[in-house]
Amino acid sequence: MSPSNGGGLLDANRPGKDCESNKPLSGKNAWLADGKLPEAVEDGDQQIIEAGEAKYHRLGWKGLTIMLIVEAIGLGSLSIPSAFATLGMVAGVICCVGIGLIAIYTSYVIGQVKLAFPAIRHYGDAGALLMGRLGYELFTFMLILQLIFLTGSNCLTGTIALQHITDSGICSVIFSVVSAIILLLLSIPSSFADMAWLGYLDFVSIVAAIGITIIATGIKGTNSTGGLGAVTWSAWPQGDPSFSDGFIAISNIVFAYTFASCLFSFMDEMHTPRDFTKSIWSLGILQIVIYTVTGATIYAFTGLDVQSPALLSAGALVSKVAFGIALPVIFISGAICTIVAGRLIHGRIYANSVTKYINTTKGWVTWLILITVLTILAWVIAEAIPFFDDLLSIASALFTSGFSFYLPPILWYVLIRKGPWYSRENLMTSIVNFLVFIFGLVVLVGGMYSSVQDIINNYHTGNVRSPFTCGSVS
């Protein structure tokens, strides 16, 4: 595959063929196909296919933006203020803005790869272009694991929210089961376009919850002894945080910019994929503003006592209200992750059958079974790692570091680069991609080490409950 010609564009209408030679792809390119059925089909199946294709190609750039908002703005924003408390105001702002700009750039690279290779349906297909079958299997496995971890994170947050809202002594495992059931029910729609309207509710939900928390913490800080002037916030890190503490804080900010991993899948449902740049710029700027304002203001109003998720810092009564308002974003975001994973697996199992369109009885039965299994796996992860910051940090280190940071530079270099990396037109971009690649590797290694170390420390000090027990979650 030659980088100078983009590796040969694929004809989306002829699965598994090179559009220049119209010959079947060989080697590692043979693993990339758009999953369409053979042309010779029965009339009944043809109607199912046409209805299915129409069902899964209705997403415009505004809908894409909403889907990315649903995936991205939620859990991430709830962890930002505690990251500011660890890093200090200056480093917190720099990380929020800097990592956000990097995420916009890497998402742009992913979008360009999708335009150059229209047959790519998800990150696994991109892996096939890089490493053949090994890349396909590895990237697909990583993507599914990340999505299950994300759903698990939302299940854990739902448990925290329900436990806090009810303020009851009910076993936390019961609340986690309720959270899992809600996530499962919201995962039943299989089309992103069908879920887009829920995205507006999701966005209003998280903005309202954050707004209430900011106002409440501001009033609480003003009314405290000494007023806002006595709040223990600082421009620089306080209390000599350990390496693990600092890196978990950075990893949680990285987690907040995790939307790149599903961009291939979302773009695959767009009727005009070239409009994706409007979506990533809209989302990226919106994320940077929301995260920076949320982290800076709540930290300034609360100081070192800020809790994670941030809604817990609003005071007993107001935090209940904020969690109630945030319930839609908690569950809708998690359901989207289940749908992405389900579509990926279902589409692979029934790649050459009309069942993949999920508009037949068999399609719906197999879809319901699949999302049930995925939800159960996510619930097990939420119960096995019952602490918010560390679960986000693990997901960030293992998956977001790759899909959002160190893999896009590789995709640029191998798939869409034109000419030598050191040429005048490529040199600056090559340097940028190299730095982003290094950043992703640092997050992978440092974040994973810090998360594991923090989990060990928490268990040794007794700060967390044991998995699958009735203690409170945090």
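The points below cover helix geometry, salt bridges and a nonpolar surface patch. The model is predicted, and a search of the whole structure finds 6 salt bridges.

**Helix geometry**
- Helix α11 spans residues 316-349, and its 34 residues reach 48 Å from the first C-alpha to the last, close to the expected 50 Å.
- At A326, α11 bends by about 45 degrees, and the proline P328 follows within four residues.
- Helix α10 (residues 276-302) has 27 residues and reaches 38 Å between its first and last C-alpha, close to the expected 39 Å.
- After α10 comes G303, whose phi is positive, near 75 degrees.

**Salt bridges**
- R133 pairs with E137 in a salt bridge whose closest N and O atoms are 3.9 Å apart.
- Because R133 and E137 are 4 residues apart in helix α5, about one helical turn separates them.
- R133 and E137 also belong to a network of salt bridges that includes R348.
- D167 and K320 form a salt bridge at 3.8 Å, N to O.
- This pair links distant parts of the chain, 153 residues apart: D167 is in the loop between α5 and α6, and K320 is in helix α11.
- D167 is exposed at 61% relative accessibility, whereas K320 is partly exposed at 22%.
- D275 and K278 meet in a salt bridge at 3.9 Å, N to O, and K278 is partly exposed at 40%.

**Nonpolar surface patch**
- A nonpolar surface patch of about 1100 Å² includes Y413, W421, F434 and L441.
- Helix α14 (residues 427-461) contributes the largest share of this patch, 9 residues.
- L441 lies in α14 and is partly exposed, with a relative accessible area of 31%.

Technical notes: Residues numbered from 1 in each chain as written. Predicted model: local features only at pLDDT ≥ 70, side-chain atom pairs only at ≥ 80, totals over all residues. Heavy atoms only, no water. Helix = DSSP H or I, 4+ residues; strand = E, 2+ residues; numbered from the N terminus. Expected span 1.5 Å × (residues − 1). Bend = angle between axes of the 7 residues up to and from the residue. Patch = residues over 30% accessible without salt bridge, like charges linked within 9 Å, V, L, I, M, F, W, Y side chains within 5 Å. Areas by Shrake-Rupley, 256 points an atom, 1.4 Å probe, with all protein chains shown as cover. Salt bridge = Lys/Arg side-chain N within 4 Å of Asp/Glu carboxyl O. Buried < 20%, exposed > 50% of the residue type's maximum accessible area, 1.4 Å probe, protein only.
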